[in-house]
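Here is a friendly walk through one protein model, with its pocket, its nonpolar cores and its salt bridges in turn. Please keep the viewer open as you read.

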Amino acid sequence: MLPASQFSAAVEALPLVSIDLCLIDTQQRILLGKRLNRPAQGWWFTPGGRIRKNEAWQDAFKRIAQDELGLEGDALQGAQLMGIWDHFYEDSALNPNISTHYVNLPHLIYLTASQVENMTLPTGDQHRHYCWMELQQAADHVDVHPYVQTYAQWIKER
């Protein structure tokens with residue numbers, strides 16, 4: 001982990017690599033959290049996180065799933081990479097005047113009812129609260145971030 005000033009300089013100069021988790025329950029709804037911090041503050045967004053320096057993307061995927069949702073093992077076995085997507089924001093986590101560029105690796109994960117029941121959804125750090133939203137609603141809802149609207153449409157077309 002970098003000190004805030006070094007991280008801010010890195011965000012200003014370089015793209016970040018991140019992973020989003022597009023979790024779908026048995027009713028074909030996507031899990032969204034209300035973002036507390038920049039970028040995408042105030043929007044409904046999928047859980048996710050950055051890949052750290054010297055961390056293999058597979059290890060980051062497992063860490064993010066465990067830390068943000070309490071998911072591990074069998075819940076992650078069927079994950080499908082949705083492609084490589086660019087996300088551009090006008091602000092950043094530490095500075096509203098520095099833009100952020102993420103190279104994002106979203107993963108689609110279909111969960112069983114018991115996996116959904118056993119998830120832990122922490123609040124207060126990244127997200128205020130969570131909801132399961134029907135895919136069509138997520139694709140059209142004005143409070144769902146446009147990048148997530150695109151995810152929802154992509155998933156619906158599968």
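## Salt bridges and burial

A residue counts as buried when its relative accessible area is under 20%, as exposed when it is over 50%, and as partly exposed in between. With that cut-off in hand, we can look at the charged pairs of this predicted model.

There are two salt bridges by the rule used here. One joins the side chains of E55 and R63, with an N to O distance of 2.7 Å. E55 has a relative accessible area of 17%, so it is buried. R63 also falls in the buried class because its relative accessibility is 18%.

The other salt bridge pairs D25 with R29, whose closest N and O atoms are 2.7 Å apart.

## The largest pocket

If you are thinking about pockets, how much space lies in the largest one? The volume comes to about 1200 Å³. Its lining is made up of 41 residues, and those nearest the centre are F7, G49, R50, I51 and Y102. Several elements supply two or more residues each: the helices α1 (4–13) and α2 (57–69), together with the strands β1 (16–24), β4 (48–50), β6 (85–89), β7 (100–104) and β9 (127–134).

Which element gives the most to this lining? That is β1, with five residues. Sorted by class, the lining holds 22 nonpolar, nine polar and 10 charged residues.

In soluble globular proteins, nonpolar side chains tend to be buried together. In this model, the largest nonpolar core has 26 residues, and the members that touch the most others are C22, I30, L32, M82, L108 and I155. Two or more residues come from each of α1, β1, β2 (29–35), β3 (44–45), β6, α5 (135–140) and α6 (146–156). The largest share belongs to α6, which gives five residues.

Beyond its neighbours within four places in sequence, L32 is in contact with W44, F45, T46, H129, Y130, C131, M133, A138, V144 and V148. Apart from this core lies another one, of 18 residues, including I19, L23, I64 and A75.

Note on methods. Residues numbered from 1 in each chain as written. Predicted model: local features only at pLDDT ≥ 70, side-chain atom pairs only at ≥ 80, totals over all residues. Heavy atoms only, no water. 1 Å grid on protein atoms, 1.4 Å probe; cavity = no way out; pocket = protein on both sides within 12 Å on 5 of 7 lines; lining within 4 Å. Points joined across faces, edges and corners; volume = space filled by probe spheres on them. Helix = DSSP H or I, 4+ residues; strand = E, 2+ residues; numbered from the N terminus. Nonpolar A, V, L, I, M, F, W, Y, C, P; charged D, E, K, R; others polar. Core = buried A, V, L, I, M, F, W, Y, C linked by side-chain atoms within 4.5 Å. Buried < 20%, exposed > 50% of the residue type's maximum accessible area, 1.4 Å probe, protein only. Contact = heavy atoms within 4.5 Å. Salt bridge = Lys/Arg side-chain N within 4 Å of Asp/Glu carboxyl O.
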